[in-house]
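Colleague: Could you walk me through this one slowly? I am still learning how to read these.
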Amino acid sequence: MSTQQASTDVHARPTVVHHPSPSGTAPITAERYVSPEYLRDETERLWPDMWLFACLERDVAEPGEYVVFNVGDESILVTRTEEGTVGAFYNVCQHRGARVMVNERGWVKNFVCPYHGWTYDRGGALTVVPDIERFSGGVDCEARSLQPVRVGTFSDMVWICMSPDAPPLEEFLGPLIDILEPYDLAGMTLVADQTVRLDCNWKAVIDNFGELYHVEHIHPQHELMFDCPTAQTDLYENGHTGVLIYGHTVNTRLPVSDTPTPYLKHQLGMFGLNPDEYEGRVLDIRADVQRVRREVGASLGYDYSAMSDVRLTDIEQYNVFPNTVVTVQPDDAIIMRSRPHPTDPNKCEWDKLSFHRFPDPAIAKAAGVEFVPFDPTDTPPAERPEHDVFDQDDIIAGRKTMTRTIDQDIHLIRDVQAGMRSRGFDTAVLCDDESRVQHYHDWLNHFMSGHR
Ligand code: FES
Ligand SMILES: [Fe+2]
């Protein structure tokens, strides 16, 4: 071990409170995770008023392509209309209430209800009622068209809102749009589409992604590539939160080794830097990668012009209230989303969409780049990956993975839920590093008490 000094003091980056919750700070009781009544209240008071990440715009690129987004007991049909706009409708037939589309994704000429064949065009208009003359009272086709919900898009993400009175998407997300747009999600390739069924409340897993306090305890590999103790936390209006973590470095709360860790050696190699030159200089790696990545990126066809230097080495994560988590790095992104079970507070579904920006081989070849910044076998998938749905036990048994780090989280999350159901547990107590969790729940209180 050396006497290398950390470039920052531990905990030198304070929490930045952009907007406190109007509800103030309140205890986080077990009830909100385990009570069926609380789950029902969320259905009534929370979900209808929120902007929710529904799907990727690339999945509804052409007229007639559709995605069904299920959240709790609600189902929303997102599609591309003939006019080229993104449309969203309640996925419910206006004849007698059947679900119109039951497949989660596809392409149709028209939406045809599987029950009696009522047919809606791509804009949701009711166009065919079989044997309409048998409705002696007539059918008001306009009134019986699919019921629309509001749609907003940014950076390849489609968001829906069931309330006509909620503020526009741009207002709800606030600064997060400008923060996330430079990462150009639309320019990344979708490499995995996964859902795991979890035995926990939908908020327990959101909480897990709202703090770094557990990282040193259950993700020991992080100390070899990130400096979590110096992360900056941001608390935004409407319950959104963010965290910025130094990458291409090590945990500076622990003794810093003379030799770059295996992770850092790999990262240095990706950028053509010699690990031997960083003997005793491990904490210089981050700044050097920032400099080199910009040059190397250009020769591989990457455009980092919208990126600040820190974004070339660091990792940012934004928890978009109430149920979406977006993690971004220059060439990688993950969107995760928690969806409640319709009736059981002890169950949820956790979606993960993984993205990667692949280098342009032609540009790299023309530039004479001899190394590649990723595994050479790491080529873009020929087709959009299938949606892979599995159980928590598949991860625990090693049959499925959502990355080592997320697997580690998933291993224990149902035991957290089980503990919260115990007579022996009442209220959480949070440390300063868990301020994002408190902020989230304070805004949850705000919205659940009827405020908008
Ligand atoms: S419920 Fe859809 S056609 Fe009858
Ligand atoms: Fe974790």
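Modeller: Let us begin with β2 and β11 (residues 157-161), which pair in the antiparallel sense over four bridges. Strands are DSSP runs of E of at least two residues, helices are runs of H or I of at least four, both numbered from the N terminus, and two strands pair if DSSP finds at least two bridges between them. This is a predicted model, in which local features need pLDDT of at least 70 and side-chain atom pairs count only at pLDDT 80 or more, while totals for chains, interfaces and linings use all residues. Residues are numbered from 1 along each chain as its sequence is written, and chains are lettered from A and ligands numbered from 1 in the order in which they are written.

Colleague: Ok, and which residue in β11 is the bridge partner of L56?

Modeller: That partner is M157.

Colleague: What is the strand order in that open sheet?

Modeller: The order is β2-β11-β10, three strands with antiparallel pairing, and the edge strands, β2 (52-56) and β10 (150-154), each pair on one side only.

Colleague: Changing topic, how many helices and strands does the protein chain have?

Modeller: The protein chain comes to 12 helices and 19 strands.

Colleague: What does the C-alpha trace span along its principal axes?

Modeller: The C-alpha trace of the protein chain spans about 90 × 60 × 40 Å along those axes.
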